[in-house]
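Work each one out yourself before you read its solution.

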Amino acid sequence: MKILVVGSGGREHAIAWTLLQSPNVEQVFCAPGNGGTATMANCQNLDLAVDDFPGIAQAVQDYQISLVAVGPEVPLSLGIVDYLQQRNILVFGPVKAGAEIEASKSWAKDLMKEAGIPTAKSETFTARDSAKVYIEKTGAPIVVKADSLAAGKGVIVAMTLEEATNAVDELFNQGFNTLVIEEFLTGEEASVLALTDGQTIIPLLPAQDHKRIGEGDTGKNTGGMGAYAPAPVVTSEIMNRIQTEILQPTIDTFNKRGIDYRGILYAGLIITPSGDPKVIEFNCRFGDPETQAVLPLLETPLEQLMLACAQQELSAQPPLRWQPGIAVCVVAASGGYPDAYQKGKAISGIESINDAIVFHAGTKLEDGQLVTSGGRVLGITAVGENFESAIAKVYAGVSAITFEGIYYRRDIGYRFNI
């Protein structure tokens, strides 16, 4: 098979890398890809933007590609799957109507209400004044979210009333015209990425992401500073509840609404102190950086699962096979991220790493030199037979990498035993 992966981040590098572990995958193309996919054997970058649907469809013809796997939420929310399906191209990912579950938080809340899915109480606002009145009435801590796509950075957890009202101004000033304000839930966060063909839904290993920029989960939200899998906070009993109380009802409600949702359904969860799973958010694609921690443990060929989802044959698949052990991913970011940062910094040290996999995110090749080109630059992943082994390997790998301004959290996985 030849497969085209749409996207340019660490998630897409991890997807491409995983696909190429299979003897059934001859070549992977990435549109547009990054510095890591550019140098991976049997992988070729294509100079195509993720929203260049005609160009992507033409590439499928030109290179005789069997399957398109869409990584990021933006092309999904713009309807890339609908566009390709209309041209009889096999594609892994949900249609535009399904991607609305990530593109609009208020839409997602309505669907959860209809499906009876446990989630935080919330209200939607299109005016600053009414949002601030609600905050004053409700009190803090409280969570203020941009309704539309915000690259993982449109959520502000406000611990005081002042922070909450400032968050309203900040998000409206950034150009968001609708906010969702919801109750603050306490507990352990977890991410469950699930494969679905629109009927059957199968969860992958649970992961835990580290959203905040600072150690101890402090500071601003980011796209994710690291992750590990499997996350022990999601016991087998809790996973069964997630399947029956959250994942299956969501797919059933999509079907009730006439939406044929295939691909990945990502549930961002809080596991409350009493052990109840509640949905913080849904995403319509693989998580980043959770994918970089989950896929290295997957032994079932990924292309087989993607095809089963696209062709609505997931129920016929045998149980997923997983490598034993723990995987940890640590993100190396540009100094200043998630605020302003500089690009074009030379990266060195990757070639000296033996015990970890380096997934590129914000990198590109300039005259043969690998340089930074984004806020999150690299995701370094290590697999160990236990948590301590994986942590030791991953931080040994991280410490070998240098570029000007490099920043990473030194406490990824610190909640593993909590």
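**Exercise 1.** Locate Asn221 in its strand, decide whether Asn221 is buried or exposed, and find which side chain Asn221 contacts.

*Solution.* 
Step 1: Asn221 belongs to strand E14, residues 218-221 (strands are DSSP E runs of at least two residues, numbered from the N terminus). This is a predicted model, where local features need pLDDT of at least 70, side-chain atom pairs count only at pLDDT 80 or more, and totals for chains, interfaces and linings use all residues. Residues are numbered from 1 along each chain as its sequence is written, and side-chain values use heavy atoms, leaving out hydrogens and water.

Step 2: Asn221 counts as buried because its relative accessibility is 15%, and buried means under 20% relative accessible area with a 1.4 Å probe, protein chains only.

Step 3: The side chain of Asn221 makes a polar contact with that of Arg212 at 3.4 Å (a pair of N or O atoms within 3.5 Å, one able to donate a hydrogen and the other to accept it). A polar atom of the Asn221 side chain also lies 3.1 Å from the backbone oxygen of Val155.

**Exercise 2.** Work out in which order the four strands of the open sheet run, and which are its edge strands.

*Solution.* 
Step 1: The order is E6-E9-E7-E8, with antiparallel pairing (two strands pair if DSSP finds at least two bridges between them).

Step 2: Strands E6 (122-125) and E8 (155-158) are the edges, as each pairs on one side only.

Step 3: Inside the sheet, E7 (residues 142-146) and E9 (residues 179-183) share five bridges; Ala146 has Leu179 in E9 as its bridge partner.

Technical notes:
Buried means under 20% relative accessible area, exposed over 50%, partly exposed in between (1.4 Å probe, protein chains only).
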